[in-house]
Each structure stands twice: as structure tokens, then as C-alpha cells.
Amino acid sequence: MLRAKTPRKTRNTRQKTSRMGGGLSSRLGNVDWGRLRIKAVAGLFGVIWCLLWMRAWHVQVIEGDRLAGMARRQHVAAELVTGQRGSILDRNGQVLARSVEMRSVYVHPLEVQDVDNTAAVLSRCLDLPLPQVRAALSERRRFAWLARKVDDRKANLVREAKLSGVGLTTEYERIYPFRQMAGQLLGFVGLDDKGLEGVERAMDDSLAGTSTRMVMERDAAGRRFYLPGSSDNDIRGGDVRLTIDMQVQFFAEEALADAVDTYEAKWGGALVVDVQSGDILAWAQYPFFNPNAYKEYTPARWRNRLASDALEPGSTFKPFLVAAGLQEGVITPDTLFYCEKGKWKTRTINIRDTHSYDWLPVNKIMRYSSNIGCAKIGLELGTRRYHDYLVKLGFGERTGVPVAESKGILRKPRDWSEADLITASFGQSVSVTALQMAQGYLTLANDGVLKKLRLFIPESGAQQQDVVPSPSPVGPGVAVAAEPRRIFSHKVARQVMDMLRDVVEEDGTGTRARIAGITIGGKTGTAQKADSSGSYGKGRLASFVGLVPIDRPRYLIFVMVDEPTRSPYGGVVAAPVFKHVALRTMAYHGLLPEPVDTDDLKVAEVQKKGAPQDIRQEVRREISERVIETADNVPDVVGKPVRRAVEMFATKGRVPVLKGTGQTVVKQSPEPGAAWQDDKEYILWLSERS
Amino acid sequence: MGGWLLAIILSVLSSLVIGLSLVWLNIERMDMAYNLRRMQGELEDRQSLKAKLEVERDRLLSPYELGRKAVALGMRDARQGQIRRLGDGGL
């Protein structure tokens, strides 16, 4: 093609050359136009290439950061993620409080296309009044909550409806599966998952999940991608394990509720403490409070009274006075005091006893709970020494159990008048919390060595004995080892224990706390309550503190019932609660002995005159926990009572055939030691003679 | 000259293959990310359901609930002397 054109161009050139004179035409004739065009195209491409490089350079270098930022904003989103709140567990790992995912329904009112239809559907799905939903959808706002923390059924209905402008989001709901059990102790959290009362509040720092900003990659539709390491385990709050045992808690709550209802009292409280470890096994308060629906209750109902209410304890305070007197050598258990025939008018105060007594030794002053006798012991002991012992026992200070706790009222010795000393001797003019009382008795039961109460079990499983839960600066619930501190000698502690035993086991005020087969010790209290004018009114606080068994205390149970109307006495109102809780707690732990056959005791006492108490102890030891043998082979039941023999077979799922009449097994088939066989017939021959 | 040309062609082809592989890997990565996200969602849903079922189980096994059921079935607390504890080899 190029070649075909060349002659024509040459001709034209020649014509021009002939016209212009020939020089220029000869030069142009030498130009290689083809090569020139190629160079021009190459140059053009070169320029375009350079422009592209310049643009790339501009985009990458000059505008690089800005554009990268725009891209990041499109593909990556930062979200504030809050970890799930930790659970609260009892000592056996049962969950007392946990957070579960719930769905909340929200609307973007401006994006709702058909308000009437959407409102009708949502009203049906969420069981909400139609006008309320319509009002929420009609608002001129970008966002509004419609229903928060709805159940899964409702959430699924909303999701399946696929309504424009309506969305679901995840929130955590705090659930207390046992409902009202230990409600006041556990407390509750607000809508924002922050602890507002009880353990939830006290341990909020440990329980609360961490809030962190997480970067999520997302696609053009806004869907988030999975990112390695985006698990929320790291931001989840820690679990808290309490020393509470929910079975014991149940025993305490049930017995307490029964007493409060029966005696028409205002409220009641009970603590069960494991003496060996100081662990609080039950923390009961009635009327109950269900933290799942805390908004339905008044603050008075959810107040943790066992920790926060300081009350005058009354006669349950007397053992501390007597222990202090014994320790100081002011008194012995046999020291006699004249009890003024039940009425004593001092220079400053008049005191009455419920009964008229003349001379009583100290152990009987305790047994009959004589106020006059205790007042005289107090005067012998003196303010300073008595006050010192109360301080050592922890009164006037917080016990260290990390819940919102009152310090009680224990004034300085210089502020005590003689009347204060007298009244403080029988538990008035001092105010103490139930926790302080429990800790005081725990020290007596612990052989006179101070022992701290414990409500939280550290994760590390740290040593239980003599561990003090320390408040700040270490942090609540953190265990710090403390030196055992002896307050009363072994002898004094034993003497006080003996007096407490007499209160229940002899003709004292606490006889309704007796349990057959176990020796109980305790002290009753019937405290006058000050009214709004400051003087003592008709109200009474009935209380009982008991130790079971008293010889080697295993459990300490403190019961208080406030203003019972049908009977004011601690021995009548509170002691039966103790008995009920102690019985069931001992049975639950397999420590409840068989009931003592009184005829056997009488025979034993006749045979060994002179030491009836020892015999009784011996018999009680003998009838300790009975565990049925469940050997792998057929047991030897010859000579055993038929009831016992049948029980032994029944534990292996075999029902023996009984032949003959009588109460004693005289022969058996198969022989003892044979292996159990499903198709074998087991026969027991009975006889009247053993 | 022939050697250079071959090298350039091979380089271009290699770049093309690597580029396509990169695109393919990216598509696979995104696909996997979607799947993982979906499975993560399923896991969370199931964990949530499990937690709710555990809560319900705990509620049904609470002493109050068991006590109510026991009373309804005519049971009562064993009295002192009526309790037998099974040893370790028991049923």
C-alpha cells in the first residue's frame, strides 16, 4: 500500500520541485515518512505512558494516604465490643447468676416504608399495643428502641417478617436461675450490665466484661468478615465463686420464711457458717427478693440487712461478756451473783429479769439469761476491759466480707456511762450486724482463736484457714493470709461452750433447739427495739445463735426474726428455725445420727451409775452416721434384723424372698461372698430367736 | 535478541499467572471468611441457646422447684432415723 502510493507522491514532489526550483523537493524526497510515523506513534505512546506513570505517582505518593484512608473507611469498621459479664457460682459450681444473649428490636423510623403495616406486624410479633408501636415508628428520629431483651420466639418472628427499617441487635440479660434464693445477697445489675446491689455491686470489677474497640473488615454490603482472633473470650468478665451452698441456703430460707409467717414478723435473717473454714454456707433473708424483677421491689426489700443493718443484739451478746470475764479472771463458772429477785434499781437504771432469781452462779446466769447477773459481771469487769474484748472480736469494725457492710455502733470507752456498761453487758447500747455476731461466735467456737468469715472462694483455691478477705487497696475478695490471733484461752472457750450447751440441753431458754442424738449449744436473745423516739418500745428482736454439735462445732447458725407479733421470745421464735436448719444441714452432709432410744440410755445409766453424761456421749458416738454397706458380693446378713438385711439387698437392686416368720435372719441363700447374679433367687430364712 | 524476547514473554506470562492466582486466592479467602463468619454466628447462636437451656435446667432443678414436685408426688422430708446413705459401691 505504501509502495503503491510512493510513485504518486514522487510525481507530486517532482511537479512541486519543478515549480519551486528543485532544492526543497530533493530534501523532502529523501525523508522516510514511514519511519517518521512510527516514531511519532512511539512518541505519543511514550507521552501517554509517562502521563500514566505521573498519575500513578500522584495517586500513590501525593494522594496515597488520603485514598488509603478512604478505602479503609469503606472496608474496615471499628466497633465498641463489651465482653459478657462473668457468672456467680455457689461452692458446688451451680450457677447463681449468668448473662445470656438476648435480642433487642430497634427501628430506624425514617427508613420504614409502610408504617401501618409494619406497626401491625410488630405489634403482633412483640405483643405490644398497636398505638405504642405506631408512635415509635412515626417519630422523626434516626433510631429508636422498640423492645429490649425479648425472648427468642419474638426475635425470630421479627426476623422472619423482614421489615424495612426494623433490626435486631444482641444484648446480654442477667438471669438468676434460682430466682429469689439468696436474692438480697446476690443483688442485681442495671440495664447497662453494671452491678447495682449485693455481690453484683461488690464484685463488679471482677465480674464486668472489658469494653474494647475491635476493628472489623466488612464487604460492600456491610457484612462483617471473620477475623482470626476475634473471639470475645479475652474480654469476658471473670466468674465469682461464693462459699454459699444452695441446698443449705434452701433449708435456711424455708425455715426462716415459715417462722416469719407463723409469728407475723416484719422480716427475718439467718446465716449458716462452716466452723472449720469460716465459710458462709447460707445467707437467708425473708421476705424474699427476686433479682430477675428488681424493679418490682422497693429498696427496703432488696437491702442486704444481714450486712447493712446494725441492731442491738440483746442476750445473744452475753457469752462475749462472760468469756471476757473468765479470761480476765474476774469470774469463774461457779462465781455467785445475787440477782435481786428479778428487779434491780441502780443509781442510773432499772433492770428486770423475766424470772425472779436470788443467787445464781455464772453458768446459770447464762443458762437463764439473767440481765441483772450479767450487769453485775459487767460492773466487775469494767468498761475498758469489756470494750477491749469487743474490739478484738471485731465489733465496731467491718468483718471484711466484701459486701456493703455496716460497722455497727461501738462507742469509745470514754463515752460509756455506768448505765451504758450495764446495758452493754446484756446486749443493749451497742449495735451490731448479723455478720459481726456470727464472727464473734465463730471465734468462740474456734477455741478462742479469731476466725474471719469467708464469702468468696478464690480461684486459686488458696488455703481456707485463717484467710482474711481484704478490702482495698488489694481489692475486694482477694485473700490475704493473716496470723491466727488468740483472744480467749482454750479453757475459757471450753467453759463458754459448756454454758451454751446447758442453755439448750439443760433447763435453759433454748430447749426448743434440741435435736435427738446431737448435743446442741446456743444462746437465745429477745432484744428490745428502740422506736422512732429513741426509747424502747414494744418491738422485739428474737434471735438465736447455735452451734452443732457443741462438743466439736461443725456448723454455726445465727437466726434473727424482727418484731414477731405472736411471741417475742428468741427461744420460741428463732430456736426452732435453728433446729430445722441444723437437722436438714446435718442430714444433707450425712452427719445426722439415728435417734437415741431413751430406753437404751436408761439401761446404760443404770449399769454405769456415776457417769451418766459420759455414757450418753458414748451412746451418741456409737450411733453416729450409718452407711449401708454395698459390697460387690452378697453380704453376710445372718443374725441381722430382717429390715436391715432387706435394706442391704435392696441397695443392690435385689428383693430377697423371705421364708418363715420372725425378725431375725437365721439362714441365707446364696452364701455370703457369692457374686451378685441377675437371674438368681435370694432367700432369707427368718426366726423369732436371734 | 531471541533470548530477550523469550525472557520477556515468560515474565509477562508469569506475571499473568501470579496475578490470576492472587485474584483466585483473594476470592477463596473472601469465600472462606464468609463461611467462617456464618459458622461463627451459628456457634454463637448455639452457645447462647445452650446457656439458656442450662439456665432453664438450673431453674427446674432448684430446691424450691424440686420441693414443689416432691410435695405434688406425695413425698416428704425423711425423718431422723429414716435416712440411709449408700456407700461408694451403691447404686
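Which residue just after H14(A) takes a positive phi? Gly329(A) does, at about 75 degrees; the views below cover that spot and several others. This is a predicted model, where local features need pLDDT of at least 70, side-chain atom pairs count only at pLDDT 80 or more, and totals for chains, interfaces and linings use all residues. Residues are numbered from 1 along each chain as its sequence is written, while chains are lettered from A and ligands numbered from 1 in the order in which they are written.

**View 1. Chain A as a whole, for orientation.** Chain A comes to 25 helices and 25 strands, counted as DSSP runs (H or I of at least four residues for helices, E of at least two for strands) and numbered from the N terminus. Of its 690 residues, 39% are buried. Here "buried" is 20 or more other C-beta atoms within 10 Å of a residue's own, "exposed" is 12 or fewer, and "partly exposed" is in between, with C-beta atoms placed from the backbone. Take the contacts between residues at least 6 apart in sequence: 69% of them join residues at least 24 apart. A contact is a pair of C-beta atoms, placed from the backbone, within 7 Å.

**View 2. Helix H14 of chain A and the glycine after it.** Helix H14 spans residues 318-327 and is mostly covered, with 10 of its 10 residues buried. Among them are Lys318(A), Phe320(A), Gly325(A) and Gln327(A). Gly329(A), with its positive phi, comes just after H14(A).

View 3. Within H6 (residues 130-138), Val133(A), Ala136(A) and Leu137(A) are buried. Down the axis of H6(A) these fall within an arc of 95 degrees, so they line one face of the helix; the arc is taken over the directions from the helix axis to the C-beta atoms. Pro131(A), Ala135(A) and Ser138(A) are exposed on the face turned away from that buried side. What do the buried residues of H6(A) pack against? Their partners are strand E3 (95-107), helix H5 (115-126) and strand E4 (144-150) of chain A.

**View 4. Helices H5 and H7 of chain A where they cross.** The axes of H5(A) and H7(A) (residues 152-161) come within 8 Å and cross at roughly 155 degrees. That makes H5(A) roughly antiparallel to H7(A), given that angles under 35 degrees count as roughly parallel, over 145 as roughly antiparallel, 65 to 115 as roughly perpendicular and the rest as oblique. Axes are lines fitted to C-alpha atoms, for helices over the stretch in contact, and angles run from 0 to 180 degrees between N-to-C directions. H5(A) brings Val121(A), Leu122(A), Cys125(A) and Leu126(A) to the contact, and H7(A) brings Lys154(A), Leu157(A), Val158(A) and Ala161(A).

**View 5. A five-stranded open sheet in chain A.** The strand order is E9-E8-E21-E20-E19, with antiparallel pairing; two strands pair if DSSP finds at least two bridges between them. Strands E9 (280-286) and E19 (521-530) of chain A are at the edges with a single partner strand each, so one side of each is left without a neighbour in the sheet. From one strand to the next, the twist averages 10 degrees. Helix H11 (residues 246-262) of chain A packs on the sheet and touches E8, E9 and E21, its direction making about 30 degrees with that of E9(A). Strands E8 (267-274) and E21 (555-562) of chain A pair over eight bridges, and Gly269(A) has Met560(A) as its bridge partner in E21(A).

**View 6. Two cis peptide bonds in loops.** Tyr286(A) to Pro287(A) is cis, with omega near 5 degrees, and Pro287(A) is in the loop between E9 and helix H12 (299-302) of chain A. Val548(A) and Pro549(A) are also joined by a cis bond, with omega about -20 degrees; Pro549(A) is in the loop between strand E20 (536-548) and E21 of chain A.

**View 7. Ala493(A) and its neighbour Asp447(A).** Ala493(A), in helix H20 (residues 490-505) of chain A, is buried, with 22 other C-beta atoms within 10 Å. Leaving out residues up to four places away in sequence, Ala493(A) touches Leu444(A), Asp447(A), Gly448(A) and Phe488(A). Asp447(A) has a positive phi near 65 degrees without being a glycine, and counts as partly exposed with 17 C-beta neighbours inside 10 Å.

Technical notes: Two residues are in contact if their C-beta atoms, placed from the backbone, lie within 7 Å.
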